[in-house]
There are 2 protein chains.
Amino acid sequence: MEKRNLTLLTDLYELTMMQGYFDKGQNETVIFDMFYRSNPCDGGYAICAGLEQVIEYIKNLNFTYEDIDYLRSLNIFSEGFLNYLSGFHFTGDIYGIPEGSVIFPKEPLVKVIAPIMEAQLVETAILNIINHQSLIATKTSRVVFAANGDGIMEFGLRRAQGPDAGIYGARAAMIGGCVGTSNVLAGQAFDVPVSGTHAHSWIMSFKDEYTAFKHYSDIYPNNCILLVDTYDTLKSGVPNAIRVFQEMKNAGITLSRYGIRLDSGDLAYLSKEARKLLDLAGFEDAIISASNDLDEYLLHDLKMQDAKITSWGVGTNLITSKDCPSFGGVYKLAAIQNEAGDFVPKIKISENSTKITNPGNKTIYRIYEKESGKIKADLITFADETFDESEDLLLFDPVDTWKKTTLPGNSYYMRELLLPVFIKGECVYHSPSVMEIAKYCEEEKNTLWDETKRLFYPHQIYVDLSSKLWKVKQDLLNKLS
Amino acid sequence: MEKRNLTLLTDLYELTMMQGYFDKGQNETVIFDMFYRSNPCDGGYAICAGLEQVIEYIKNLNFTYEDIDYLRSLNIFSEGFLNYLSGFHFTGDIYGIPEGSVIFPKEPLVKVIAPIMEAQLVETAILNIINHQSLIATKTSRVVFAANGDGIMEFGLRRAQGPDAGIYGARAAMIGGCVGTSNVLAGQAFDVPVSGTHAHSWIMSFKDEYTAFKHYSDIYPNNCILLVDTYDTLKSGVPNAIRVFQEMKNAGITLSRYGIRLDSGDLAYLSKEARKLLDLAGFEDAIISASNDLDEYLLHDLKMQDAKITSWGVGTNLITSKDCPSFGGVYKLAAIQNEAGDFVPKIKISENSTKITNPGNKTIYRIYEKESGKIKADLITFADETFDESEDLLLFDPVDTWKKTTLPGNSYYMRELLLPVFIKGECVYHSPSVMEIAKYCEEEKNTLWDETKRLFYPHQIYVDLSSKLWKVKQDLLNKLS
């Protein structure tokens with residue numbers, strides 16, 4: 001994405017609104033929040049990802065001659081506005097939560113402070129990028145949790161929703177905890193481990209399965225994972241694999257990384273039977289890996305049933321987040337700067353009370369229990385509020401306000417989540433490498449209680465509002481209704 | 001995609017297998033079929049799409065110096081093989097079913113005839129591209145069917161799985177029957193209609209809703225669709241919209257395309273109430289459009305409940321095909337050329353009998369009922385079989401072979417579906433424009449019986465095998481089991 005100009009990757013209404021503001025000479029500075037409303041897959045958290053691509057997108061924003069010509073051809077834009085666009089670049093501030101962070105609903109993941117025309121243009125691409133990568137990072141973290149320490153490989157490129165979904169999906173999967181991807185382009189672009197062995201077609205292209213295995217072991221003796229289900233897993237595949245491993249051993253080859261891959265049938269049964277056959281032949285350290293329509297639920301069950309698999313290739317269900325293929329992030333106006341330079345909070349009402357937005361210029365504090373280092377709650381506050389960790393902290397549910405708790409001073413500590421990314425149009429943030437982000441994400445996940453990581457009916461972390469923010473919100477609601 | 005080099009958009013195992021063949025000096029010509037196993041969303045058919053992007057991908061295939069350097073850095077490829085890759089280009093034949101065609105399970109949508117190293121490399125990208133676009137074109141055709149003549153706009157870019165999913169998803173949505181997209185980049189790239197008006201933020205950025213509407217109508221009097229649900233749809237939004245329409249009328253403006261958009265709440269109830277208010281005010285021709293988590297099922301129900309909506313914006317559920325976010329296409333070896341130049345059929349067995357492949361060099365004939373022009377069945381045959389439409393045609397189910405039917409001579413006609421796309425590495429196919437493909441797709445859908453287009457439990461079209469192909473398949477199965 002670093003070289004792609006995605007300036008026109010926007011909904012037409014962003015441009016029609018921009019022209020509206022242009023015509024009215026109205027370009028006050030505003031604040032938009034990007035946030036999401038509920039965790040994917042009924043989970044207890046999400047992982048944010050995609051900020052690096054948002055940065056590249058913002059840096060590359062400019063309307064080429066071809067873009068201007070195309071917009072002119074639509075016959076809805078004035079020459080004055082097109083002239084403005086031809087000189088467009090982003091001049092605002094952007095704050096973001098670092099990639100790989102654990103996040104919760106209703107928290108601003110990205111906060112854009114910019115003249116309204118600029119803030120409006122970037123809505124669609126920011127949503128597209130963050131929604132996609134956060135979805136896949138979150139899904140991956142669930143699959144990794146289910147695997148309970150086993151390595152997960154990302155194998156989904158062929159079923160991803162287009163090239164980018166494969167490429168950036170692999171990036172997000174690495175952030176979420178995969179140990180590698182089959183996607184070579186993603187490996188090149190993000191310097192992450194790639195892996196892969198052979199397909200059924202390899203087996204079928206030789207006169208028989210043994211010959212196919214034998215040739216493979218000749219070429220790749222140090223990474224010899226043989227696919228055993230082309231004809232019959234237990235009657236043909238595993239015995240032929242054992243024969244080849246034995247021949248390698250007899251030839252004095254040190255078997256380092258070797259084993260089998262199962263890609264069909266019942267993986268619990270087949271892996272146990274294959275394990276017995278391999279062990280009996282003296283190949284106790286042969287790896288048994290598996291693929292075939294895996295997701296966190298099946299993986300969880302296979303582990304419960306003591307499947308003898310230690311390496312998992314996960315494809316379609318991870319790269320599309322099959323049971324929940326969209327993240328649902330939105331981008332909402334939170335405040336407008338008045339002539340005095342103050343941000344006036346704005347709110348969007350909705351028939352559905354969970355869709356009511358949080359007004360104002362906000363930030364987020366994560367509150368950790370000092371003893372365990374685990375997350376106690378998140379607190380959304382106005383950006384200029386300050387807190388003293390030595391004082392008691394009152395937390396209350398913003399909807400059911402009678403649900404309260406007070407954290408004694410010095411029993412907790414706080415960390416601000418939003419960091420400056422662009423200031424006055426200049427990028428001030430250096431994106432870590434994908435593997436650095438993955439490491440940070442691992443640490444982030446360690447701040448979650450196991451109860452929150454659970455796949456089914458997890459404990460939900462509270463995201464509260466500061467008293468001051470809650471009051472401003474209530475006042476706005478009372479005024480509007 | 002026309003300028004992007006996606007050569008490394010492949011699974012690593014394609015390259016490790018290629019090196020395996022390279023090392024063995026084994027590069028015989030083979031045939032791979034790309035096909036899918038079941039219709040998305042339990043439907044009765046699918047729509048194929050993506051061939052143009054496959055053509056661009058194949059034309060652009062080449063390993064750059066950077067690509068070779070990257071592959072070298074993996075320490076698994078020999079210099080001899082890397083040298084071969086640096087001169088790589090595609091030299092084979094590709095046959096494909098034209099985009100926008102109605103397709104059924106198990107039919108080869110793309111057939112690749114090439115030296116095995118080349119045929120193997122292109123697997124992943126072909127699957128990625130065709131799987132994605134066919135999925136979205138199919139989903140769109142279902143939504144369009146549910147809308148029963150109303151126009152469907154594609155609004156999903158912000159929830160698409162990355163930029164390409166938005167861009168090529170919009171392309172596929174236009175093929176499947178959308179009348180336009182909000183995605184400006186897709187509009188530019190594929191010369192398809194774009195549309196859009198304004199967001200809630202437009203309303204919120206003015207001192208009140210009326211002022212926001214008024215300003216919008218000043219700028220866009222000819223396309224004035226006002227979003228009425230920011231504060232209260234029936235108490236505030238619709239009355240303010242009517243006030244603005246009345247003022248436009250009073251000012252002598254001819255109201256051409258105007259109306260309201262609903263984006264939350266119960267769309268059946270709100271649209272009926274809004275229709276009453278608009279009609280009462282003399283705005284019988286005001287459009288009522290709607291968005292908000294629509295899919296074919298909700299749209300079908302809203303139409304059944306006589307919702308007064310004639311224009312629909314469909315986002316997330318279409319662009320991700322939410323209830324079925326992957327198409328499931330696969331790419332399987334079907335034949336290997338022997339030294340005499342004949343294609344020897346190959347088959348993959350599976351524990352699951354529906355996963356057994358169809359062997360050999362095949363083509364597909366579509367059989368139409370002469371009287372109605374509707375599809376009677378599809379027939380997969382060897383590529384060199386010929387048929388005489390004046391003779392009786394026996395069709396039988398390839399699994400339940402006792403299910404038979406004989407079509408009397410001259411009561412049917414046949415059409416071959418696969419067309420040459422590349423011959424000896426040269427592209428021989430000219431892709432129509434997206435709007436031409438969309439028109440062709442409309443004609444294609446007219447060859448389906450209504451029973452097959454039904455959203456729930458549709459009638460399934462038979463895809464049969466020729467007697468000759470069925471016999472060869474049985475012989476191979478008997479030999480292997």
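Modeller: Between chain A and chain B, 48 residue pairs are in polar contact, both at pLDDT 80 or more. A polar contact is a pair of N or O atoms within 3.5 Å; within protein, one must be able to donate a hydrogen and the other to accept it, and residues adjacent in sequence count only if both atoms are side-chain atoms.

Colleague: Which helix of chain A gives the most to the side that touches chain B?

Modeller: Helix α1 of chain A, residues 12-23, with 10 residues. Helices (H or I, at least four residues) and strands (E, at least two) are DSSP runs, numbered from the N terminus.

Colleague: What are the ground rules here?

Modeller: This is a predicted model: local features need pLDDT of at least 70, side-chain atom pairs count only at pLDDT 80 or more, and totals for chains, interfaces and linings use all residues. Residues are numbered from 1 along each chain as its sequence is written, chains are lettered from A and ligands numbered from 1 in the order written, and side-chain values use heavy atoms, without hydrogens and water.

Colleague: How many salt bridges cross the interface?

Modeller: The rule finds 10 between chain A and chain B. It wants a side-chain nitrogen of Lys or Arg within 4 Å of a carboxyl oxygen of Asp or Glu. One of them joins Glu14(B) to Arg158(A), at 3.6 Å, N to O.

Colleague: New topic. What does β19(A) pair with?

Modeller: β19(A) pairs antiparallel with strand β20 of chain A, residues 426-427, over 2 bridges. Pairing takes at least two DSSP bridges between the strands. Ile423(A) stands opposite Glu426(A) in β20(A).

Colleague: And which residue in that hairpin has a positive phi?

Modeller: Lys424(A), near 50 degrees.
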